[in-house]
Amino acid sequence: MKWLAFCVLTVVLVTLAVADGEIWEEDDHEVLIRSERGAKNREPCRYVKGSWSECDSKTNMRARTLTLKKGDQATCESTKTIQKKCKKACRYEKGTWGECNAQSQMTRNDKLKTNSDPSCEQNRQITKKCKPKGVKPTKATRRNRQ
């Protein structure tokens, strides 16, 4: 969980650094980009969103072009391109967990549901560690003993 929080925080900080003093506001049809207070360019730039491109299978990215709708052409870029990762709609019917093996692991075999993206794997195998039989008490139960 800490690793996930660290990754999210890193992405947010990188995005803020790349934005270079820009504040983005977005709705269904357009994007408004304006400068933060104290920045030299105070004129907002309003862009029309283009449609997303097809997913590039090599990079697993898709792109969208923003075209300037309103704003000073001297200070606003005429077009901007934004990219994001593609999401596959892989939905699986979960199987049942098997018994623990000699390596203290159990596996489950999942099958792809019919309404999923056809480029997804038809079957996937999930492996996880087994919990030890003598489960250790949690911190809360240890505190109550004192």
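User: Quick one before we start: what does "buried" mean here?
Analyst: Buried means under 20% relative accessible area, exposed is over 50%, and partly exposed sits in between, with a 1.4 Å probe and protein chains only. This is a predicted model, where local features need pLDDT of at least 70, side-chain atom pairs count only at pLDDT 80 or more, and totals for chains, interfaces and linings use all residues. Residues are numbered from 1 along each chain as its sequence is written, and side-chain values use heavy atoms, with hydrogens and water left out.

User: OK, is serine 116 buried or exposed?
Analyst: Serine 116 counts as buried because its relative accessible area is 9%.

User: And where does serine 116 lie?
Analyst: In the loop between β7 (105-112) and β8 (123-129). Strands here are DSSP runs of E, at least two residues, numbered from the N terminus.

User: Which residues does serine 116 touch?
Analyst: Leaving out residues up to four places away in sequence, serine 116 touches Ala89, Cys90 and Arg91. Contact means heavy atoms within 4.5 Å. A polar atom of the serine 116 side chain is also 2.8 Å from the backbone nitrogen of arginine 91.

User: Switching topic: what's the strand order in the open sheet of three strands?
Analyst: The order is β6-β7-β8, with antiparallel pairing. Its edge strands are β6 (92-93) and β8, each pairing on one side only. Two strands pair if DSSP finds at least two bridges between them.

User: How many bridges join β7 to β8?
Analyst: Seven. As an example, arginine 108 has isoleucine 126 in β8 as its bridge partner.

How values were computed: Helices (H or I, at least four residues) and strands (E, at least two) are DSSP runs, numbered from the N terminus. A polar contact is a pair of N or O atoms within 3.5 Å; within protein, one must be able to donate a hydrogen and the other to accept it, and residues adjacent in sequence count only if both atoms are side-chain atoms.
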